[in-house]
Amino acid sequence: ANISAQPQALHEERLMFGDCEMVLVEGAKSTKIKKIVVLDSEKKILDDVQSGKIGEVLAYVGPWDKVEGLDKPYFHRDAIKEIETFITKHFSSLLEETPLYGLVLAGGHSKRMGRDKALIDYHGKTQTEFYFELLSKHCQKTFVSSRENQWEQNKLGHLPQIHDSIKEMGPMGGILSAMLSEPKAAWLVIACDLPFLTGETLQNLIKNRQGYRLATAYDSAHGGLPEP
């Protein structure tokens, strides 16, 4: 895939490489992508680094056992395990820096239910309020996914909303709308019609999330598909 021909939105890059744990790109020297620089035999590429033409350098790789005077870590090109460990630690640090936001999907029409599922009271308050408070215990920010003007005239209007910018796509439209509104956040998403969902279940999901993957979900007990 050519990722340097034109700028890609962050969510588009995530979708493009969603099946990959790691993407190695050759020849993108002048981009703002974090990079490991491979040194040529005469180290001429260091001139571009020192002049600022090449930036965002994480480390260097070359054929020598040691190179003096570098401002970043250096690895021998055959030290595959050490390079892998370095890259993995880098991505792990990015995961720790990524904020986790919560999203309660409450923008449906509840046509089959016959009444608004988001307003049903199982716990002494509406499901949406209950799950907003539950997610807020685990997330830095929490929002309600809704249609524009959906909650303006009822008691859910005070909750932070993300209105569907991608319409007529059901829950997926709500999730994508949230990703577009806060593209640098990770999202913990739940539907408003799961009355038996607990904080322990959410904590287990967060603990076991695979941050390098596009998403982490529970397997359904019926059919093995991802739980929504």
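1. Helices (H or I, at least four residues) and strands (E, at least two) are taken here as DSSP runs, numbered from the N terminus. On that basis the protein has 6 helices and 7 strands, and along the sequence these elements follow the pattern α-β-α-β-β-α-β-α-β-β-α-β-α.

2. The model is predicted, and local features need pLDDT of at least 70, side-chain atom pairs count only at pLDDT 80 or more, while totals for chains, interfaces and linings use all residues. Residues are numbered from 1 along each chain as its sequence is written, and side-chain values use heavy atoms, with hydrogens and water left out.

3. For the protein as a whole, 32% of the 228 residues count as buried, a word that stands for under 20% relative accessible area, with exposed meaning over 50% and partly exposed in between (1.4 Å probe, protein chains only). The protein exposes about 15,100 Å², of which carbon and sulfur atoms supply 52%; such areas come from the Shrake-Rupley method with a 1.4 Å probe, and for residues only the protein chains shown count as cover. Among contacts (heavy atoms within 4.5 Å) with a separation of 6 or more, 51% are accounted for by residues 24 or more positions apart.

4. An open sheet is formed by 4 strands in the order S6-S5-S4-S7, with parallel pairing, where two strands pair if DSSP finds at least two bridges between them. Strand S6 (161-163) and strand S7 (186-191) stand at the edges with a single partner strand each, so one side of each is left without a neighbour in the sheet. From one strand to the next the twist averages 30°, an angle between N-to-C directions that runs from 0 to 180 degrees, with axes being lines fitted to C-alpha atoms. Strand S4 (residues 100-105) pairs with S7 in the parallel sense over 6 bridges, and Leu105 has Ala191 in S7 as its bridge partner.

5. The largest nonpolar core has 19 residues, of which Leu100, Tyr131, Leu135, Leu188, Ile190 and Leu202 touch the most other members; a core of this kind is a set of buried Ala, Val, Leu, Ile, Met, Phe, Trp, Tyr and Cys residues joined through side-chain atoms within 4.5 Å. Two or more residues are given to this core by each of S4, helix H4 (127-136), S7 and helix H6 (199-207), and H4 provides the largest share, 4 residues. Leaving aside residues up to four places away in sequence, Leu100 touches His138, Cys139, Gln140, Lys141, Ala186, Trp187, Leu188 and Ile206. A second, separate core of 10 residues includes Val37, Leu46, Val49 and Val57.

6. Rings of Phe, Tyr and Trp (its six-membered ring) are paired if their centres lie within 6.5 Å, with planes under 30 degrees apart counted as stacked, over 60 as edge-to-face and the rest as tilted, and by this rule there are 5 aromatic pairs. One of them is the edge-to-face pair of Tyr101 and Trp187, at 5.6 Å centre to centre and 85° between the planes. Because Tyr101 lies in strand S4 and Trp187 in strand S7, this pair ties together parts that are 86 residues apart in sequence.

7. Phe143 and Trp187 form a tilted pair, at 5.9 Å centre to centre with 55° between the planes. Phe143 lies in strand S5 (residues 141-146) and Trp187 in strand S7, so the pair ties together parts that are 44 residues apart in sequence. Ring pairs thus link Tyr101, Phe143 and Trp187 into a cluster, and the relative accessible areas are 8% for Tyr101, which is buried, 14% for Phe143, also buried, and 17% for Trp187, which counts as buried.
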